[in-house]
Amino acid sequence: MTDIQTLTQPIVTDQEALHEFADALVDRAHDIERSMALLSKEPESHVVIADIFRALHNIKGDAALCSVPMAGLIAHPLESVVTRLRSGELRYSKLLGEAILLALDRLELAVESLVAGKSIAQLKLVVLVEGLEKMSQASRNDIELSAVQLIKTVTGFQPQASPQTVSNQPSGQSKSTVNVSDDMRFFRSLALQFESRSPLFAGRTDRILHLALETNRMAGSVVSDAQLEAAVYFHDVGMMFLPESVWLKVGKLSNEDRKMLHTHPEFAAGLLDRMKGWESAAEMVRQHHESWAGDGYQAGLHGKEICTGAKILAIVDAFEAVMLKHSARNHGSSILRAIAEVNACDKQFAPELIEPFNAVIRAMLEH
């Protein structure tokens, strides 16, 4: 019987041990994602499957040692699934890999929430574990159906037989929306200059622009497209006023790093403030890291205090960040996994804009 209490309202008995588990989980999750990328290319590799099994077994052991039973409840059925892969009873497929990685993402989100003292009730861990347990017992013929049911139940999206990934190539569709004014060309040139700082950023400007404009359209054109477009171009320009060693850093950020990064919206908004006619865009940029729940930065705004354009930008920027996170871990950036992670952070984003954004993603998955 599923332990609902542990999966919805876990009790943390040892904060120090929880932090130790969280640190170890980051490394083990990276190892699993790298191995899963290899497995997608070599699905019969016993060595790679053994590495994944070992990492999951270690996560389960760490959970017991550090008194994080919630993590053990997730890791156990995952380990059982991989045990069946290891024995040859099951065969690897993209859908099976997608379900395993979705569960791993959800485990990381849950642990991050516990460390931050936040609720995990919205993460749907009960249905996740129930789905994993069904997968661990499913026949070879039914395993893909079980994976589909798990993904759909947790994310709300129907997975395709071959999950789509987002290309690093810029989308040509958004180029037609670029305003030909001198200001807009200048704004875009700054965004592309920022984008050029890392190969991982390739195409991000056009991806974010497309998602932002489409979400605005789906929501009923609630803000000016031109102001929103300018905000998309400018929202991360402030990063270029900070040391690249901070905002291009790979790995865990220090508290000082975070404080420095939190200044970037104001740098960019300050520039826009000085340009006549772009006041709304400046407000969007300044507020795009504010949170619906009031725990964002820099002003600690919440709910209706945040302008609508900033709410749209916050959602699409977070989605792109999740895609980038998975890409940096050497695994295909699944749209399903990214949208699941964004939807799991429901108190961070404006609820009235989540469904329009989801509708845009559904349209992407259907084409």
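Which backbone oxygen lies 2.7 Å from a polar atom of the side chain of His288? It is the backbone oxygen of Val285. This is a predicted model, in which local features need pLDDT of at least 70, side-chain atom pairs count only at pLDDT 80 or more, and totals for chains, interfaces and linings use all residues. Residues are numbered from 1 along each chain as its sequence is written, and side-chain values use heavy atoms, leaving out hydrogens and water.

**Overall build**
- The protein has 17 helices and zero strands; helices (H or I, at least four residues) and strands (E, at least two) are DSSP runs, numbered from the N terminus.
- Buried residues make up 51% of the 367 residues; buried means under 20% relative accessible area, with a 1.4 Å probe and protein chains only.

**Nonpolar cores**
- A nonpolar core is a set of buried Ala, Val, Leu, Ile, Met, Phe, Trp, Tyr and Cys residues joined through side-chain atoms within 4.5 Å.
- The largest core holds 112 residues, and Met70 and Phe319 touch the most other members.
- Helix 5 (residues 94–115) gives this core its largest share, 13 residues.
- A second, separate core has seven residues, including Phe194, Met239, Trp247 and Leu261.
- Not counting residues up to four places away in sequence, Met70 touches Leu107, Ala110, Val111 and Leu114, among others; contact means heavy atoms within 4.5 Å.

**Around His288**
- His288 sits in the loop between helix 14 (279–287) and helix 15 (308–328).
- His288 counts as buried because its relative accessibility is 2%.
- Beyond four places in sequence, the residues that His288 touches include His235, Asp236, His264 and Asp317.

Key
Buried < 20%, exposed > 50% of the residue type's maximum accessible area, 1.4 Å probe, protein only. Polar contact = N/O pair within 3.5 Å; in protein donor to acceptor, adjacent residues only side chain to side chain.
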